[in-house]
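Visitor: I have a model open and some time to look at it. Can you walk me through the fold?
Guide: Gladly. Bring it up and ask away.

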Amino acid sequence: MNELKLSNVTREFGGLVAVQKLDLQVGQGELFGLIGPNGAGKTTVFNLITGVYSPTHGSIEYSQKSIAGLAPHQIAACGIARTFQNIRLFAGLSVLDNVKLAMHQKRKQRLPSVLFRSSSFKQEEQQLEASALRLLEIFGLENLCHENAGNLPYGSQRRLEIARALATQPKLLLLDEPAAGMNPQESLELMKLIKGLRDEFKLGILLVEHNMRVVMGVCERIQVIVHGETIAMGRPEEIRRNIKVIEAYLGKDS
């Protein structure tokens, strides 16, 4: 069961408590939203899940195994991938190479085979390139595969970052503000894309996002945190009506 579970998780930075006694659970194949005002601790939660930080207290489990304290590459190998609030592409490399690089954990060829460009190495390269191109086609980027990633429009760079995360073949995908900087049409297309990815790849998706149209439009459950603590959890329509959430985050006009 590919389920993520945080239990009583606290993260302290000196005297600052960024996340406090947080419980969070994302089921297999679930679209789950984590929202809250700036400084609420959302990105810290992502960093805890993906091994950038270790919890000061509490436990983090994925597929019923503890992942707290593992290095980021070990957690990626467990089947968890993420994007970042600030785009982190290899700007000087092609779109195709950005995706192929993310597949390095799946490579089977060893150094001698690579150095001498053996037939098995060439076959693996062809397979990886075909897989990368299939991903780019899903994201509408196949015609830009030889462009430098840094030359893409902003919305395309966002899609490429998600494609690169999917190249690691995760079962849980963490999206950190994927709609940031997008216009309304791009945000609408992103909503359709997120739903489609969950269905096609059988993914669980944990979404941090300030665009409430996106959050309410795709998430099945939403958890709201303020100052690192949960103030509400429920279905989108419940969160939209929750008085605590309206006062702390959404505002009366939401």
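Visitor: Which strands does helix α10 lie across?
Guide: Helix α10, residues 243-250, lies across β3, β9 and β10. Its direction is at about 125 degrees to β10. Axes here are lines fitted to C-alpha atoms, for helices over the stretch in contact, and angles run from 0 to 180 degrees between N-to-C directions. Contact means heavy atoms within 4.5 Å. Helices (H or I, at least four residues) and strands (E, at least two) are DSSP runs, numbered from the N terminus.

Visitor: What should I know about the model itself?
Guide: This is a predicted model: local features need pLDDT of at least 70, side-chain atom pairs count only at pLDDT 80 or more, and totals for chains, interfaces and linings use all residues. Residues are numbered from 1 along each chain as its sequence is written, and side-chain values use heavy atoms, with hydrogens and water left out.

Visitor: OK, sheets. What is the strand order in the six-stranded one?
Guide: The order is β6-β7-β8-β3-β9-β10. The sheet is open and its pairing is mixed. Two strands pair if DSSP finds at least two bridges between them.

Visitor: Which strands stand at the edges there?
Guide: β6 (80-82) and β10 (229-234) do. Each has a single partner strand, so one side of each lacks a neighbour in the sheet. Neighbouring strands are turned by 20 degrees against each other on average, direction ignored.

Visitor: How many bridges join β7 to β8?
Guide: Five, between residues 172-176 of β7 and residues 204-208 of β8. The two strands run parallel. Asp 176 stands opposite Val 208 in β8.

Visitor: And the four-stranded sheet, what is its order?
Guide: β2-β1-β4-β5, open, with antiparallel pairing. β2 (16-26) and β5 (65-66) are the edge strands, each with a single partner, so one side of each has no neighbour in the sheet.

Visitor: How many bridges link β1 and β4?
Guide: Five, in the antiparallel sense. Leu 6 has Ile 60 of β4 as its bridge partner. β4 (residues 57-62) also pairs with β5, again antiparallel, over two bridges. Glu 61 is opposite Ser 66 in β5, and Tyr 62 has Lys 65 of β5 as its bridge partner.

Visitor: What happens in the hairpin of β4 and β5?
Guide: Two residues lie between the strands. Ser 63 takes a positive phi near 55 degrees there.

Visitor: Which strands does α1 lie across?
Guide: Helix α1, residues 42-49, lies across β3 (31-35), β6, β7, β8 and β9 (221-226). Its run is at about 150 degrees to β7. α1 also lies across β1, β2 and β4, at about 115 degrees to β1.

Visitor: Helix packing next. At what angle do α6 and α7 cross?
Guide: Roughly 10 degrees, with the axes coming within 12 Å. α6 is residues 154-166 and α7 is residues 184-201. The two are therefore roughly parallel to each other. The scheme: under 35 degrees counts as roughly parallel, over 145 as roughly antiparallel, 65 to 115 as roughly perpendicular, and the rest as oblique.

Visitor: Which residues make that contact?
Guide: From α6, Gly 155, Arg 159, Ile 162 and Leu 166. From α7, Glu 186, Leu 190, Leu 193, Leu 197 and Phe 201. They divide into six nonpolar, one polar and two charged. Ala, Val, Leu, Ile, Met, Phe, Trp, Tyr, Cys and Pro count as nonpolar, Asp, Glu, Lys and Arg as charged, and the others, Gly among them, as polar.

Visitor: Is Cys 219 buried or exposed?
Guide: Buried, at 6% relative accessibility. Cys 78 is partly exposed, at 39%. Buried means under 20% relative accessible area, exposed over 50%, partly exposed in between (1.4 Å probe, protein chains only).

Visitor: Back to phi. What is the value at Asn 8?
Guide: About 55 degrees, positive although Asn 8 is not a glycine. Asn 8 sits in strand β1 (residues 4-13) and is partly exposed at 42%.

Visitor: Where is His 227?
Guide: In the loop between β9 and β10. Phi of His 227 is also positive, near 50 degrees. His 227 is exposed at 61% relative accessibility.
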